[in-house]
Amino acid sequence: MTRSFPRAALVVTTATALVVNLSACQAPDHAPTPRGATTSPDAAGAVYVTGAKAGDDPCARVVSAIGYLGLSLLPAGQEEAQHWDGDVRGRFGYLRGTMAMYGPRLPAPAAPAVAAVDGLAGTLSLARTADSRRPRLLREYRTASAAVLTACGRPSPG
């Protein structure tokens, strides 16, 4: 019985820390940061969060997912040197899920670009996609995602 108390205390402490940290991540990016929480803005000042909710601003969520993916991509013009590890493919998968949830609620002019980003992200997230196709698909993705950002009133990267 004495061994189970420290284990139970560890589980409760870990669960409490997890709930507190996840709650801090769910604050929308336009709301004040919860007291005691920290944020990690990128060089442009954007804050990327997870914990999406159906009522979230669709542009904010899609722009965040595009930015999150962009953190793993080499700059434009270096598509041939891009590494296609599980992290990069996973971020394309995350973007695809975000587009499925929020894409239909983006401004109407974004519809063709949303469809393009969804299809490209689906293909680029697959491990079986031939490496020889990836640079061209990545360039197409950059063009389509820039159109989505523009429809949401955000500047395109680069």
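Two residues are in contact here when they have heavy atoms within 4.5 Å of each other. Keep in mind that this is a predicted model, where local features need pLDDT of at least 70, side-chain atom pairs count only at pLDDT 80 or more, and totals for chains, interfaces and linings use all residues. Residues are numbered from 1 along each chain as its sequence is written, and side-chain values use heavy atoms, with hydrogens and water left out.

Let's start with the overall picture. The protein has 5 helices and 0 strands, counting DSSP runs numbered from the N terminus (H or I of at least four residues for helices, E of at least two for strands). Along the sequence, that reads α-α-α-α-α. Of the 158 residues, 30% are buried, meaning under 20% relative accessible area with a 1.4 Å probe and protein chains only (over 50% is exposed, in between is partly exposed). Take the contacts with a separation of 6 or more, and 60% of them come from residues 24 or more positions apart.

Now look at helix α2 (residues 58-70) and helix α3 (residues 86-102). Their axes come within 9 Å and cross at roughly 170 degrees; axes are lines fitted to C-alpha atoms, for helices over the stretch in contact, and angles run from 0 to 180 degrees between N-to-C directions. Sorted by class, the contact has 12 nonpolar, 1 polar and 2 charged residues. Here Ala, Val, Leu, Ile, Met, Phe, Trp, Tyr, Cys and Pro are nonpolar, Asp, Glu, Lys and Arg charged, and the others, Gly among them, polar.

Move on to S72, in the loop between α2 and α3. S72 is buried at 17% relative accessible area. Its side chain makes a polar contact with the side chain of R91 at 3.0 Å (N or O atoms within 3.5 Å, one able to donate a hydrogen and the other to accept it within protein, with sequence neighbours counting only if both atoms are side-chain atoms).

Finally, there is 1 disulfide in the whole structure, a disulfide being two cysteine sulfur atoms within 2.5 Å. The link joins C59 to C152, S to S 2.2 Å. C59 sits in helix α2 and C152 in the segment after α5 (134-151), so the pair ties together parts 93 residues apart in sequence. C59 is buried at 11%, and C152 is buried at 10%.
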